[in-house]
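Dear colleague,

Please find below the structure that I am handing over to you. My notes on what was found in it follow directly after.

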There are 2 protein chains.
Amino acid sequence: MSAPPPGGERERLARAALTRVFEPGDERGGRWIRELGPVELMRRLTGVDGPGRAIEGMTPTRLAGYRLRASSADPGRDLAEAAAAGGRFVCPGDREWPSQLDDLGDARPIGLWARGRSDLRLWALRSVALVGARACTPYGAHMAATLAAGLAERGWVVVSGAAFGVDGAAHRGALAAGGATMAVLACGVDVAYPRGHAELIGRIAEQGVVLGELPPSEHPTRTRFILRNRVIAALTRGTVVVEAEYRSGSLVTARNAQRLGRFTMGVPGPATSGLSAGVHELLRGEGTLVTDAAEIVELVGEMGELAPARRGRVLPTDALGTAALQVLDALPATGVAGGREVARRAAVSTDEALGRLYELHSLGFVEREGDGWRLTPGRTCNGDARRGGA
Amino acid sequence: MSAPPPGGERERLARAALTRVFEPGDERGGRWIRELGPVELMRRLTGVDGPGRAIEGMTPTRLAGYRLRASSADPGRDLAEAAAAGGRFVCPGDREWPSQLDDLGDARPIGLWARGRSDLRLWALRSVALVGARACTPYGAHMAATLAAGLAERGWVVVSGAAFGVDGAAHRGALAAGGATMAVLACGVDVAYPRGHAELIGRIAEQGVVLGELPPSEHPTRTRFILRNRVIAALTRGTVVVEAEYRSGSLVTARNAQRLGRFTMGVPGPATSGLSAGVHELLRGEGTLVTDAAEIVELVGEMGELAPARRGRVLPTDALGTAALQVLDALPATGVAGGREVARRAAVSTDEALGRLYELHSLGFVEREGDGWRLTPGRTCNGDARRGGA
């Protein structure tokens with residue numbers, strides 16, 4: 001793989017500290033990290049010896065600001081705090097790092113703070129973003145929930161921003177369908193924002209994943225919301241805008257997605273609705289009109305369509321973690337089993353089982369069928385499958 | 001021009017008769033007309049000497065049917081009846097023939113029966129079709145009326161099929177804005193179908209144009225409705241589907257338009273509405289999403305955008321009829337005049353004046369501004385315009 005090798009505990013600490021130094025999406029910071037490495041960069045920012053000129057392009061004023069932030073960073077405490085809250089810090093080079101984010105270049109997150117049991121990389125592989133207005137109409141909320149449920153039923157992970165309106169409806173729709181959902185926050189993953197969604201965010205952290213670029217206890221700002229959108233766009237295979245006014249943040253996410261070569265979709269609404277005007281603007285450009293989950297999956301799902309081809313290959317079960325293997329073994333040889341049944345047989349919690357099932361789905365080991373799961377047919381009998389296809 | 005030269009009264013009579021022999025869009029009939037000419041074809045169909053083999057590809061059974069229809073045709077009476085009802089029969093080669101219809105090849109109408117004062121060709125040059133479901137929602141009716149009014153205000157002719165629902169709302173929207181509208185019927189232009197639209201169709205014949213392929217007193221059939229749609233598609237620069245279920249007639253019109261290289265547009269609606277499902281299907285294909293008249297004109301209006309270039313050319317006012325010249329002269333040298341004022345100064349009826357104004361608009365002599373009309377700036381001072389542009 002082209003990802004840099006894990007830099008060990010020193011690099012992890014340096015990256016955790018740098019999430020306190022640079023705001024999300026700071027491309028200069030990203031370039032310095034790339035050029036100097038996180039450990040050396042932190043050394044220069046915190047060392048007593050390094051003047052401004054030691055880092056090319058950094059003005060004395062700016063350096064002062066960075067130094068102040070760097071000197072007050074306590075990554076060890078942040079990591080401990082995150083761990084105490086059931087969280088972790090995932091770095092580029094980690095097995096779990098979603099390498100899609102590397103498409104952001106120097107604006108790539110320095111690392112991701114995450115809560116939730118599931119593998120970020122595997123979940124992101126098979127994910128779609130549903131975004132839209134906070135002050136959505138009942139129609140927008142209905143569409144978000146319906147699309148999310150449909151995506152979940154098809155084994156896709158629903159990614160959104162945990163905001164009121166479309167975001168919340170999307171997360172809830174996925175959760176209600178017993179599906180997987182990821183919330184990308186514009187604040188620390190231990191901060192419940194908006195307050196009214198504290199319970200929802202907690203539930204997502206249990207059944208899904210809550211993640212973000214900002215270290216513990218950081219609060220959102222307008223800029224952080226906007227820059228959070230690039231992470232949603234880059235993480236997923238496509239972004240669906242459900243309802244959006246002209247010039248709204250959701251359109252920023254969609255444009256980010258477009259620029260990154262992701263699929264950009266929009267849900268039509270009445271031409272008389274200002275909350276559909278932004279979506280229609282998108283659809284008059286590059287966006288694809290979608291009206292249900294099947295149409296979304298049709299567009300983003302080539303990966304899924306590749307699955308049959310992969311069935312013939314010997315899949316690297318030895319690369320799976322213990323928990324995933326346990327869940328895989330808990331599936332019946334033939335037929336479909338519900339998530340709860342799988343959990344019972346694997347002796348893990350239902351949320352744990354669901355997390356592993358979505359990972360196994362991304363890797364092509366299992367398939368979703370209705371409310372349940374089954375082993376991908378032909379997976380364990382490659383020879384037969386090949387003979388059958390000859 | 002490539003249109004055949006007018007064949008005189010004999011050809012006109014033969015074509016009028018042939019509209020009683022062949023159903024709309026009969027391509028074999030069209031080929032025979034092209035190969036033999038209408039007069040010779042009628043001679044063979046009505047003559048006592050001509051057996052079936054005299055016309056290549058015509059089976060004896062089919063010939064018998066055609067001969068029966070041909071023998072009972074009385075084009076002289078039809079033309080007289082049409083004239084009595086204020087109508088006329090327009091043939092290929094006539095100055096007024098809308099040559100866009102030639103794109104239909106052998107499925108081109110044999111001729112067009114029309115009621116209304118205005119020039120078919122000039123009106124069609126600057127026309128857009130608004131079509132959609134008969135059983136439309138209040139939203140669909142609202143959009144049809146609003147788009148039609150907006151098109152009329154921009155000097156565009158609204159073409160539709162006089163049916164209940166979207167069609168009716170479109171015609172009414174154009175009429176209400178003091179605009180031009182054409183109804184293409186699937187029956188004789190003296191037949192008011194649907195009955196409930198008798199008054200509307202009468203009003204269109206006064207203020208606009210009612211036209212169709214079928215001779216007087218003919219009634220619509222399912223097939224005739226479907227084949228009527230190709231005329232709407234070919235006549236106009238683009239077709240807008242306002243509301244349509246899957247597999248609806250409006251989608252047939254849209255597909256016809258697409259095949260003929262016309263613009264195909266659709267008005268989005270709620271994804272939860274079955275009456276928008278057909279439109280969304282269209283928009284997921286080649287159709288362009290439009291939400292207001294400005295977006296429609298932006299798409300179909302290159303002709304309008306060419307107008308400035310044409311201003312520099314000497315326009316052939318000598319090609320205009322007396323009535324059009326009268327109306328042109330009635331416009332003030334500078335500033336805007338309402339249709340009624342122009343009518344008064346030209347000593348013609350308001351409907352007559354409007355008809356001529358739309359024709360003059362198509363030719364670039366006049367422009368629409370708000371509710372009124374003005375001479376196209378620079379039209380009468382080409383020399384000055386050229387110097388100004390150098």
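**How the two chains are related**

Chain A is superposed on chain B by a rotation of 180° with 0.0 Å of shift along its axis, and the RMSD is 0.0 Å. That is the relation of a two-fold axis. Please bear in mind throughout that this is a predicted model. Among the residues of chain A, A:G269 comes closest to the rotation axis, its C-alpha lying at 2.3 Å.

The same surface serves both copies, since 100% of the contact residues of chain A recur in chain B.

**Helix α12 of chain A**

The helix that gives this share deserves a separate description. Helix α12 of chain A runs over residues 274-284 and is mostly covered, with eight of its eleven residues buried. The buried residues are A:L275, A:S276, A:G278, A:V279, A:H280, A:E281, A:L282 and A:L283. What covers them includes, from chain A, α7 (138-153), β7 (238-241), α11 (249-259), β8 (263-266) and β9 (288-289). The cover also includes β9 (288-289) of chain B.

**Two helix pairs in chain A**

α7(A) packs with helix α8 of chain A (residues 166-176) at an angle of about 35°, the axes being 7 Å apart. α7(A) passes α8(A) in a right-handed crossing. From α7(A), the contact is made by A:G140, A:A141, A:A144, A:A145, A:T146, A:A148, A:A149, A:L151 and A:A152. From α8(A), the residues are A:V166, A:A169, A:A170, A:R172, A:G173, A:A174 and A:A176. The residues of this contact of α7(A) with α8(A) divide into twelve nonpolar, three polar and one charged.

The other pair is formed by helix α15 (residues 322-330) and helix α16 (residues 339-346) of chain A, which pack at an angle of about 115° with their axes 8 Å apart. α15(A) and α16(A) are therefore roughly perpendicular to each other. Here, too, there is a right-handed crossing, in which α15(A) passes α16(A). The contact is made by A:Q326, A:V327 and A:A330 of α15(A) together with A:V342, A:R345 and A:A346 of α16(A). By class, these are four nonpolar, one polar and one charged residues.

**A loop residue in chain B**

Finally, I draw your attention to B:V348, which lies in the loop between α16 (339-346) and α17 (350-362) of chain B. Is B:V348 buried or partly exposed? B:V348 counts as partly exposed because it has 19 C-beta neighbours inside 10 Å, whereas a buried residue needs 20 or more. Leaving aside residues up to four places away in sequence, B:V348 touches B:A323, B:Q326, B:V327, B:A343 and B:A353. B:V348 and B:F225 are 123 residues apart in sequence, and their C-alpha atoms are 36 Å apart in space.

With kind regards

Technical notes
Residues are numbered from 1 along each chain as its sequence is written. Chains are lettered from A and ligands numbered from 1 in the order in which they are written. This is a predicted model: local features need pLDDT of at least 70, side-chain atom pairs count only at pLDDT 80 or more; totals for chains, interfaces and linings use all residues. Axes are lines fitted to C-alpha atoms, for helices over the stretch in contact, and angles run from 0 to 180 degrees between N-to-C directions. Helices (H or I, at least four residues) and strands (E, at least two) are DSSP runs, numbered from the N terminus. Angles under 35 degrees count as roughly parallel, over 145 as roughly antiparallel, 65 to 115 as roughly perpendicular and the rest as oblique. A crossing is left-handed if the near helix is turned anticlockwise from the far one by less than a right angle, and right-handed if clockwise. Two residues are in contact if their C-beta atoms, placed from the backbone, lie within 7 Å. Ala, Val, Leu, Ile, Met, Phe, Trp, Tyr, Cys and Pro count as nonpolar, Asp, Glu, Lys and Arg as charged, and the others, Gly among them, as polar. A residue is buried if 20 or more other C-beta atoms lie within 10 Å of its own, exposed if 12 or fewer, and partly exposed in between; C-beta atoms are placed from the backbone. Copies are superposed by least squares on the C-alpha atoms of residues with pLDDT of at least 70 in both.
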